[in-house]
Amino acid sequence: MSGTAETRGMRWFKALTGDTSTDAPVWSGEASLGGETASFFSVVPDPDNRFPRARDNVVGLEQGWKLAQAVRAAMEQDASSQRKRPIVAIVDVKSQAYGYREETLGIHLACAAAVDAYASARDAGHPVVALIVGPAMSGAFLAHGYQANRIVALDAPGTMVHAMGKEAAARVTRRTVEDLDKLGETITPMSYTLASFAKLGLLDTLIEGVDADAPTQAQIERVRGVLAEAVQGARSDTTRGLSRRLESETAKKTRAASIEVRRRLAEQWDAAS
Amino acid sequence: MSTATLQHAPALRDSFIELTARERARALLDEGTFRELLGPFDRIESPWLPLQGIVCQADDGAVIARGTIDGQPAVIAAIESAFQGGSIGEVSGSKIAAALELALRDCERGKIVRPVVLFETGGVRLQEANLGLAVIAEMQAAIVALRRYVPVVGVIAGMVGCFGGMSLAAGLCSYLIATKQGRLGMNGPEVIEQEAGIEELDSSDRRRVWQMIGGEQRVATGLADALVDDDAHAVRDAIRDVFARGVPEAPRTEQVSAYLARLARTDPADVTPETMRDVFNANEAAAPRREQA
């Protein structure tokens, strides 16, 4: 992270939550959402991080384990109450951290710990919502956001979901960035756009008309409203798993194979007697 | 060839690594119990590869097999590295996720099914990018829910290893069994070199790579549980052994404060396989304590 520019993850955390109770690289805090107290988490740049490859808004060793710690602390607060607080992941993560130290010390496990914490919160009955305000990339998104009951996103330049950064994907697949963009227009899962992500049935709400970098108070309130709605929706779900992602009309079209695999595997699961 | 001669032959090793995914699954289930689900004749193939001029495989590189392990109902999900490097596409990933979800359903009804995943994958199949990522998230959700009922066992035999989002899925497993040839890491050595430069990691330095993320190091540092020889019987025995141990009190990914403490004791200026072994003591990790969040 060069300079002092505020990332979207920081900006939206401040807008929705106010002050953080934990230091970078993971901000966490509580704020009112739809008349109840919710916990918010964001991965933010940490220019002084002990691990030099993890100073940007990326998910590295400390980010993964600290996300797990923060989410579990929020769960602990409601351990004895029936009603579980909403948990909101504010997603602005460029990638996982790439480095020798990271691999040696098990960054896969750090990210898995964050996955575990969010999934366990969802399983325990916390409505978990991911709000995408910037890039939601690859392993970093798996660790921070992809286990949510609901995924919502700002329709703004710079928000994107993908398995690999554009430049790296172009290098690996020996295509140009332009070719990749063109490919994304015809092959939906290859696209970086949130509109395509929505076509896969994975996005619950695309929030239009919000300035992601300098939102007005009215726009912030609108986002808060969408989050509260997502929380309500999650509370009314009959299952706590992710099966809902396959139930939308769009999923029935674009993820027909995912649905077919599940249907036929269930048929064959028990041996014919 | 008579079975009698086979049984009485000197203890020859049956390489596990050289087996295909289907043969691996068969070798690990109790003899005669292997039954494949959604096999090649069901022909559920990737809908996305033909659009990009890539030839499909009838099982999309994932083999799901039911049978028993030590007489207990089991399901094995085996990834075939010979097809697209074991990469996870919509169909191959959904097969694995669905198998875990069905095991979960049975466990919730009081019918325990032992799940085993044979990881042999570079992670997301880039031609199916966002759907590969999505199904991996679904697989992870199933592992977290399932491992409360029954150990979820992962095997990393090699030679591809286990990378990308699938390394997180492996990290979530109750127990991991690895060979010396198996590697477990989030970012492959080539990706690190490409993203961070050759001074960060020279991916052609195979010795360094193996010392960093190889099975032996992962077991020595407690990030995997059992090191086995490249031998089908050894893998089979190790699987039976960890199932016999039962559900661990605290899986690795729940030991948050213990791992944060280890990181805090680590000097970032002096991270080597040796210094890591000092801090990430395997014996300490092998005796997990229930901890407060």
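Chain B holds an open sheet of seven strands in the order β1-β2-β3-β4-β5-β6-β7, with mixed pairing; two strands pair if DSSP finds at least two bridges between them. At the edges of the sheet stand β1 and β7 (226–228) of chain B, each with a single partner strand, so one side of each is left without a neighbour in the sheet. On average, neighbouring strands of this sheet are turned by 25 degrees against each other, direction ignored; the axes are lines fitted to C-alpha atoms, for helices over the stretch in contact, and angles run from 0 to 180 degrees between N-to-C directions.

This is a predicted model, in which local features need pLDDT of at least 70 and side-chain atom pairs count only at pLDDT 80 or more, while totals for chains, interfaces and linings use all residues. Residues are numbered from 1 along each chain as its sequence is written, and chains are lettered from A and ligands numbered from 1 in the order in which they are written.

Within the sheet, strands β3 (residues 72–79) and β4 (residues 114–119) of chain B run parallel and are joined by five bridges. B:A78 has B:L118 in β4(B) as its bridge partner.

Chain B has 12 helices and seven strands, where helices (H or I, at least four residues) and strands (E, at least two) are DSSP runs, numbered from the N terminus. Its radius of gyration, taken over C-alpha atoms, is 19 Å, close to the 19 Å that the globule rule gives for 293 residues, so chain B is as compact as a globular protein of that length. The globule rule is 2.2 Å times the number of residues to the power 0.38. Further values for chain B follow.

| Property of chain B | Value |
|---|---|
| Span of the C-alpha trace along its principal axes | about 55 × 45 × 45 Å |
| Residues that count as buried | 56% of 293 residues |
| Share of contacts with a separation of 6 or more that join residues 24 or more positions apart | 73% |

A residue is buried if 20 or more other C-beta atoms lie within 10 Å of its own. Two residues are in contact if their C-beta atoms, placed from the backbone, lie within 7 Å.

The contact between the chains takes 67 residues from chain B and 65 residues from chain A. On the chain B side, α4(B) gives the most, with 14 residues. The residues of this side divide into 43 nonpolar, 14 polar and 10 charged. Here Ala, Val, Leu, Ile, Met, Phe, Trp, Tyr, Cys and Pro count as nonpolar, Asp, Glu, Lys and Arg as charged, and the others, Gly among them, as polar.

Key
A residue is buried if 20 or more other C-beta atoms lie within 10 Å of its own, exposed if 12 or fewer, and partly exposed in between; C-beta atoms are placed from the backbone.
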